Amino acid sequence: MKLYYGANDLIIKPVFGKGNPSNDYGLGFYLTPEYDMAVLWASKFRKNGYAITYEVDLSSMNVLYLNSSSKEDVLKWITLLVSHRFSRDEYEKYKTQIEWLKKTYSIAIDNYDMIVGYSADDSYFKYSEEFVNNNLSLELLKRAMEIGKLGLQYVLISKKAFNSIKYISHAKVDHTEEYERFRLKTLQEYNNLREQDSINNTFIRDIMRENK
């Protein structure tokens with residue numbers, strides 16, 4: 001399967017164990033199935049970026065799929081995010097919700113090679129944060145996933161997965177303001193979605209109450 005990466009450095013061979021532990025699913029190599037998204041990521045750097053194409057063999061991998069909009073998958077996805085993305089201050093602010101999520105929907109990912117799930121990069125982090133803060137309902141979060149507002153990502157997390165990736169090619173990408181326009185667009189999409197929410201929908205406080 002061809003997967004893509006946008007970066008400011010040309011990465012021929014990703015290295016297991018390197019990266020940012022505060023990314024969506026912790027340490028790993030984050031790829032997109034959409035070439036245009038890799039170009040977008042690469043365009044935000046002040047110097048030339050690179051859109052890199054890889055081939056990844058998924059046939060023998062143990063893959064955790066969190067790419068449905070079922071209630072179970074959404075809550076597992078949120079739980080992974082809050083475990084890695086939230087700062088200490090955010091953790092304290094939403095401590096009750098986060099600890100309940102981790103107790104109820106945590107996933108042991110050590111036995112998986114790859115995670116396929118929705119992206120919550122800076123452009124989309126608002127969705128997860130507002131859900132945990134009881135400002136966005138489960139129904140609207142699921143809707144955002146169903147209509148593709150939250151893009152999919154494929155994340156290599158094991159040595160086996162890193163050994164399966166093969167560099168194919170790359171293209172230079174000039175810096176543009178396209179990524180900033182994309183961020184503004186996704187914020188507007190979020191605000192438009194919020195306006196359609198209802199107190200009759202299901203918020204995290206309701207889910208916690210149901211599962212007492």
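Mentor: A charge sits over a ring if NZ of Lys or CZ of Arg is within 6 Å of the ring centre and within 35 degrees of the ring normal. In this structure, the charged end of Arg205 sits over the ring of Phe203, 4.8 Å from the ring centre, and Lys44 lies over the face of Tyr179, at 4.7 Å from the centre of that ring. This is a predicted model, in which local features need pLDDT of at least 70 and side-chain atom pairs count only at pLDDT 80 or more, while totals for chains, interfaces and linings use all residues. Residues are numbered from 1 along each chain as its sequence is written, and side-chain values use heavy atoms, with hydrogens and water left out.

Trainee: How many aromatic pairs does the structure hold?

Mentor: Rings of Phe, Tyr and Trp (its six-membered ring) pair if their centres lie within 6.5 Å, and planes under 30 degrees apart count as stacked, over 60 as edge-to-face and the rest as tilted. The structure holds 9 such pairs, among them Tyr4 with Tyr35, which is edge-to-face at 5.4 Å centre to centre with 80° between the planes. Tyr4 lies in strand 1 and Tyr35 in helix 1 (residues 35–43), so this pair ties together parts 31 residues apart in sequence; helices (H or I, at least four residues) and strands (E, at least two) are DSSP runs, numbered from the N terminus.

Trainee: Which pair is tilted, with ring centres 6.0 Å apart?

Mentor: That is Tyr179 with Phe182, whose planes stand at 40°. Both residues lie in helix 8 (residues 178–194), 3 residues apart, about one turn of the helix. Tyr179, the residue whose ring has Lys44 over its face, is buried at 6% relative accessible area, and Phe182 is buried at 13%; buried means under 20%, exposed over 50% and partly exposed in between (1.4 Å probe, protein chains only). By this scale Tyr4 also counts as buried, at 14%, whereas Tyr35 is partly exposed, at 33%.

Trainee: Which residues of helix 4 are buried?

Mentor: An α-helix has 3.6 residues a turn, so residues three or four places apart point the same way. In helix 4 (residues 95–105), the buried residues are Gln97, Ile98, Trp100, Leu101 and Tyr105. They cover an arc of only 165° around the axis, taken from the directions from the helix axis to the C-beta atoms, which puts them on the same side of helix 4. Thr96 and Lys103, on the other side of helix 4, are exposed.

Trainee: In what order do the strands of the 4-stranded open sheet run?

Mentor: Two strands pair if DSSP finds at least two bridges between them. The order in this sheet is 2-6-5-4, with mixed pairing, and the edge strands, each pairing on one side only, are strand 2 (29–31) and strand 4 (63–66). Strand 4 is joined to strand 5 by 4 bridges, and the two run parallel, with Val116 in strand 5 as the bridge partner of Tyr65. Strand 5 pairs with strand 6 in the antiparallel sense over 5 bridges, and here Val116 has Tyr154 as its bridge partner. Strand 6 (residues 152–156) in turn pairs with strand 2 in the antiparallel sense, over 3 bridges, where Tyr30 stands opposite Val155.

Trainee: Why is strand 5 described as largely enclosed?

Mentor: It is described that way because 5 of the 5 residues of strand 5 are buried.
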